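The tour below goes stop by stop.

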Amino acid sequence: MRRRTTAAVTAATSLLLGTGAAAVAAGRYASGTALRPAREPAGFRGPELLVHAASPGEVTLSRTVQSVRPGRYGLAGPGCRAIVGEVLGPDGGADTVVRHLEQVSEGELRPGSRVRLTPQLYAGEPFRALGISSAEVDIHTGLGPMPAWYLTGERDLWVILLHGLGTTREQAMNLMPFLRRHKLPLLVPSYRGDPGAPAPPGGLGRLGTTEWQDVDAAIRYAVRYGARRVLLLGWSVGGTMALRAAAQSGVRDRIAGMVLDSPVLDWRVTLRALAAERRVPAPLRPLLPGAARGRLGMPDASRVGLPAEADLPGRRMPPVLVFHGPGDTIAPWRASRELARRHPESVVLETVPDAQHAAMWNAAPGPYEERLRRFLTPLY
């Protein structure tokens, strides 16, 4: 990794000396690093947390900005997984914090263990993690079959759940118990670049600008197997994919509504944030938008939130509920405010303070689910 970073800095230096070829090479390196598939939730790349103590009902962790955030989160480390809830009582000390330990789902939390906080509470498949039965199905796309979970329900409104940056379809399990209580059929697809799914062309993601085609395939699958209408529920780029499907899919008339958690609405801003999080050298970051356009055909991002087709006169967006907050460093909140301002007849923005990217539910599960319930009920 150090060799790659040194090479990138060398390329940046050459660029500053006016070498055009170095600019191209540096831009390719920077965009490739920022857009390569990752297996770590975007916005959660903080330092590892040291477990200082663990006992039934509580765990003492290193004190960081992340470890004192309110809400429910997963803890993941080598050979162990756990779920933690709110901070307990008084502070654990100047360097530690005590949180409610809800359960240890894998391995053992021991003093000295090193873990990371993650918005993903569960791992594996739904029956193992939650005791909820699901079927493994394939959704056929232009790139090949994409594995998906299907969970039966009594209604003809299906919910299609679309995970975000650095996660997998396991992210959807946070909301499965709530959605199951409402008797909704669930379809949880993977998409290009996920484990078990075909790689995206060139091996790099495109922040939803082409991945939406896999959502189109998921909608068609749902309709083929009994859905009268679908609700698209997406986190991060999953939200972007939902918006683009609503604008461009040939079956967009089946979309009854959308729920977007921390949607990526300006790819340029998110690309720069991902580059910083993945430690792309600062001199290279100004090259990112041009490199991404030239290498991947990324679209003009001057129109926040939707491709131009979505703003054509006479085309009304379906109802949209957006969960977003000012603490998001990956997909800034102001873009969601602008989306709501442009489409007041369709878009409602629910502001969530103290939440990281794609972790709006984690910060306040009860209020999140109640607001979601009120949005869903008229769509049944």
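Here, buried means under 20% relative accessible area, exposed over 50%, and partly exposed in between (1.4 Å probe, protein chains only). Helices (H or I, at least four residues) and strands (E, at least two) are DSSP runs, numbered from the N terminus. This is a predicted model, in which local features need pLDDT of at least 70, side-chain atom pairs count only at pLDDT 80 or more, and totals for chains, interfaces and linings use all residues. Residues are numbered from 1 along each chain as its sequence is written, and side-chain values use heavy atoms, with hydrogens and water left out.

**Helix 9**

Select residues 333-342, which make up helix 9. Its buried residues are Trp333, Ala335, Ser336, Leu339 and Ala340. Arg334 and Arg341 are exposed, on the face turned away from the buried side.

Rings of Phe, Tyr and Trp (its six-membered ring) pair if their centres lie within 6.5 Å; planes under 30 degrees apart count as stacked, over 60 as edge-to-face and the rest as tilted. The structure holds four aromatic pairs. One of them joins Phe44 and Tyr73, with centres 6.4 Å apart and planes at 50°, so this pair is tilted. Phe323 and Tyr368 form a stacked pair, 3.8 Å centre to centre with 15° between the planes. Phe323 lies in strand 13 and Tyr368 in helix 11, so the pair ties together parts 45 residues apart in sequence. Phe323 is buried at 1% relative accessibility, and Tyr368 is buried at 3%.

Stay in helix 11 (residues 365-376) and pick Leu372. Is Leu372 buried or exposed? Leu372 is buried, with a relative accessible area of 0%. Leaving aside neighbours within four places in sequence, Leu372 is in contact (heavy atoms within 4.5 Å) with Leu175, Phe178, Leu233, Val259, Leu321 and Phe323. The C-alpha atoms of Leu372 and Phe178 are 9.6 Å apart, although 194 residues separate the two in sequence.

**Charges over rings**

Finally, select Arg155 with Tyr380, then Arg169 with Trp149. A charge sits over a ring if NZ of Lys or CZ of Arg is within 6 Å of the ring centre and within 35 degrees of the ring normal. Arg155 lies over the face of Tyr380, 3.9 Å from the ring centre. The charged end of Arg169 sits over the ring of Trp149, at 4.5 Å from its centre.
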